[in-house]
Amino acid sequence: MEHILGKGWQIMPAGGATGEAYQAKYEDQTLFLKRNSSPFLAVLSAEGIVPKLLWTKRLGNGDVITAQKWLNGRELKASEMNNDGVGRLLSRIHGSSELLDMLKRLGKKPLTPELIIDEIETNIQSEQECPPKIKEAVSYLKMQKNVIHHDKKVVCHCDVNHNNWMVSETNELFLIDWDGAMIADPALDLGLLLYWYIPRDSWAQWLSVYGIELTVDLQRRMHWYIVAQTIQSVFWHGQRKQTAEKEYWYNFLKQILRESYYIN
């Protein structure tokens, strides 16, 4: 990294799951550097969804380094996910033809219910035993997969955790960490966000800011995707021997499965 920036720069890890992100400081300048970011980052920057992309450089070994403006700000708190700005930004993301066109050019194919079920069943096969509620949940997903098909596919972030929402000192809101982005039913993002953060009696109001109504069809689709995502969370934490987290998501799965009997 040092030979790209020149002498005097201080480079340190910036956290993140991949270990490929860095903070670079020199006098009053601070950059966010990342190794091998997707070309998708340029469009996200142009749309104002992530902090501004300053430059991209290719190393001799083929790695690509991107530099973004360092964001002086903070993560949103879970309680702040009900803010209107979150709904408006997610609506703009889902409605962006530029983002969708770029993901298609990068070779992304739409994520369908069938593909999600196939991935879950692959995970089940790698487990020594499958807990009963997982089996019940998979049966539910298979039974409902034809009911929840939705023709309109958009760019979904797929991890709308409050830790990925950043607000700057000047109150600009960004959604970061796009490595898992997919082309999918917008109900995937909406279901995760509403079930995780928004009180049920506030769903209709939150969605009105986003720009749609809370219909029975939307409820079915959101519920399907939150069940699927929760199964994956159980497997993810289990594979990493994170027992407490695995138990949390298994209990959450039991809770949301009960709701399937009340969505008409």
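Biologist: Let's start with D177: what is its relative accessibility?

Modeller: This is a predicted model, so heads up: local features need pLDDT of at least 70, side-chain atom pairs count only at pLDDT 80 or more, and totals for chains, interfaces and linings use all residues. Residues are numbered from 1 along each chain as its sequence is written, and side-chain values use heavy atoms, with hydrogens and water left out. D177 counts as partly exposed, a label for anything between buried (under 20% relative accessible area) and exposed (over 50%), using a 1.4 Å probe and protein chains only. Its value is 39%.

Biologist: What is the phi of D177 near?

Modeller: D177 is found in the loop between strand 9 and strand 10 (182-184); strands (E, at least two residues) and helices (H or I, at least four) are DSSP runs, numbered from the N terminus. D177 isn't a glycine, yet its phi is positive, near 65 degrees.

Biologist: And N171, is that one buried or exposed?

Modeller: N171 lies in the loop between strand 8 (165-168) and strand 9 (173-175). Its phi is positive too, near 70 degrees, in a residue other than glycine. With a relative accessibility of 65%, N171 counts as exposed.

Biologist: Which side chain makes a polar contact with the side chain of S168?

Modeller: S168 is found in strand 8, and a relative accessible area of 10% makes it buried. It touches L71, N72, G73 and F174, leaving out residues up to four places away in sequence; contact means heavy atoms within 4.5 Å. For a polar contact you want a pair of N or O atoms within 3.5 Å, one able to donate a hydrogen and the other to accept it, and residues adjacent in sequence count only if both atoms are side-chain atoms. At 3.0 Å, the partner is T170.

Biologist: How many residues in the lining of the second largest pocket are charged?

Modeller: A pocket is an open set of points on a 1 Å grid where a 1.4 Å probe fits, with protein on both sides within 12 Å along at least five of seven lines, and lining residues have an atom within 4 Å of a point. About 220 Å³ of space lies in this one, and among the 14 lining residues, the closest to its centre are K69, L71, S168, E172 and F174. Its lining has five nonpolar residues, five polar ones, and charged ones numbering four.

Biologist: Over to helix 8: within what arc do its buried residues fall?

Modeller: In helix 8 (residues 203-210), W203, W206, L207 and Y210 are the buried ones. They line one face of the helix, because seen down its axis they fall within an arc of 95 degrees.

Biologist: How far does the backbone oxygen of I226 lie from a polar atom of the T230 side chain?

Modeller: T230 lies in helix 9 and counts as buried, at 1% relative accessibility. It touches W249, F252, L253 and I256, not counting residues up to four places away in sequence. The backbone oxygen of I226 and that side-chain atom of T230 are separated by 2.6 Å.

Key
The arc is that of the directions from the helix axis to the C-beta atoms. Grid points are joined across faces, edges and corners, and a volume is the space filled by probe spheres set on the points. Ala, Val, Leu, Ile, Met, Phe, Trp, Tyr, Cys and Pro count as nonpolar, Asp, Glu, Lys and Arg as charged, and the others, Gly among them, as polar.
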